[in-house]
Amino acid sequence: VEEVFDEYIVNEIPIRLIHISNDGQGLNFKLVDRNFVKEHFKSVPGEIYREFCNERLVDREGRIRERMKETFKYAIFSHRWLFSEPSYQDMPTEPMKVQAELEPKWKKLQEFCRKAKVDHGCEFAWSDTCCIDKTRSAELDESIRSMFRWYRNSHICIVHLSGTEDLAALERQQRGGTKIDVWFTRGWTLQELLAPSQIKFYGTNWQPLVPLHDSKSDRVSDIIMRKIEKITNIPLRDLKSFSPGTNRVPEKMLWASKRRTTRVEDIAYCLIGIFDVSLMIAYGEGNRAFFRLMEEIMKRYDKWDVFLW
């Protein structure tokens, strides 16, 4: 149990997380590393051992890992970046109060932390803007290559649709009556839509598009998923349960072809998890990143329609 515990923390959860605590006077948050998480959950191996020691399990290690995923609950954030976002260097290592008076760049992060804790019961959270030290190339490389897995292992993915007020506004976008929310046009958010097991959409004012009492996760809600199916042209079966891999390449590439990224290399890097391939991260290589992605896909996909998108 101890070995699986250590391996899970090192391999299956993000390098850093935001710890959200309540001191009785309100919510606080700070940035922590895997060592903090390990210490915080140090009683878990003993609890799992006592739970399973007398059971005859067919897949003991697999069941232990399932229990750890249930225990290490963290919320993960999906959003359209603004011009001003908190960076890794901005984040506190001592508890910081969640309050309205802070600078505007903190407001979105604070609301995410509030929803993670209050709506979904997560005391840990992850946001790409501030939980990666982008000055360390090795850390950036690991984060990009692990991101699909981190989103999949999360307890809930919280999506903020900054240009969508409510479900009626999403309905108008689906019918072509208004401009599509920018979240549906970005490269990285394709992975963030498909990877998580559980997902919850919030509108402009941080109200859930589907009320929490109807559904804690929007994966099971046909009301919203059928609208997203129309907007993205991604089949409902994939929106409900997506399996990564180098099958159906033209179809998956078609989903991505309508999206953009600020860095030209990211249009390749954001598809690594969707196609379940490994790719070296090398910013500055330009379009070569996409050529290398196609090479990796074609090693596993030999059908004539590979470019039919």
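## Cavity

The largest cavity has a volume of about 40 Å³. A cavity is a set of points, on a 1 Å grid over the protein atoms alone, where a 1.4 Å probe fits but cannot get out. Grid points are joined across faces, edges and corners, and a volume is the space filled by probe spheres set on the points. Searching the whole structure gives 1 cavity of 30 Å³ or more.

The lining of the largest cavity consists of Ile13, Leu17, Val37, Phe41, Phe72, Lys73, Tyr74 and Phe124; lining residues have an atom within 4 Å of a point. By class, this lining holds 7 nonpolar, no polar and 1 charged residues. Nonpolar covers Ala, Val, Leu, Ile, Met, Phe, Trp, Tyr, Cys and Pro; charged covers Asp, Glu, Lys and Arg; the others, Gly among them, count as polar.

## Model and conventions

This is a predicted model, in which local features need pLDDT of at least 70 and side-chain atom pairs count only at pLDDT 80 or more, while totals for chains, interfaces and linings use all residues. Residues are numbered from 1 along each chain as its sequence is written, and side-chain values use heavy atoms, with hydrogens and water left out.

## Pockets

A pocket is an open set of grid points with protein on both sides within 12 Å along at least five of seven lines. Its lining comprises 21 residues, and Trp81, Asp128, Trp188, Asp266 and Tyr283 lie nearest the centre. By class the lining of the largest pocket has 8 nonpolar, 5 polar and 8 charged residues. Helices H6 (137-153) and H8 (188-194) each contribute at least two residues to this lining. Helices (H or I, at least four residues) and strands (E, at least two) are DSSP runs, numbered from the N terminus.

The second largest pocket has a volume of about 170 Å³. Its lining is made up of Arg145, Ser146, Phe148, Arg149, Pro244, Ile272, Gly273, Asp276, Val277 and Ser278. The elements giving two or more residues to this lining are H6 and helix H13 (272-275). H6 gives the most, with 4 residues. The lining of the second largest pocket divides into 4 nonpolar, 3 polar and 3 charged residues.

## Sheet

An open sheet of 7 strands runs in the order E4-E2-E1-E5-E3-E6-E7, with mixed pairing. Strand E4 (96-97) and E7 are at the edges with a single partner strand each, so one side of each has no neighbour in the sheet. Two strands pair if DSSP finds at least two bridges between them. Strands E1 (residues 16-22) and E5 (residues 124-126) are antiparallel and joined by 2 bridges, with His19 opposite Phe124 in E5. Phe124 is also one of the residues lining the largest cavity.

Strand E6 (residues 156-160) pairs with E7 in the parallel sense over 4 bridges, and Cys157 stands opposite Ile199 in E7. In a regular strand the side chains alternate between the two faces of the sheet. From E7 (residues 199-202), Ile199 and Phe201 point one way and Lys200 and Tyr202 the other way, and all are buried, that is, under 20% relative accessible area with a 1.4 Å probe, protein chains only.

## Helices

Helix H5 (residues 104-118) lies across E1, E2 (27-33), E3 (74-78), E4, E5, E6 and E7, and runs at about 95° to E2. Axes are lines fitted to C-alpha atoms, for helices over the stretch in contact, and angles run from 0 to 180 degrees between N-to-C directions.

Arg34 belongs to helix H2 (residues 34-40). Arg34 counts as buried because its relative accessibility is 15%. Leaving aside neighbours within four places in sequence, Arg34 is in contact (heavy atoms within 4.5 Å) with Ile9, Val10, Ile13, Pro14, Ile15, Glu142 and Trp150.

How values were computed
Buried < 20%, exposed > 50% of the residue type's maximum accessible area, 1.4 Å probe, protein only.
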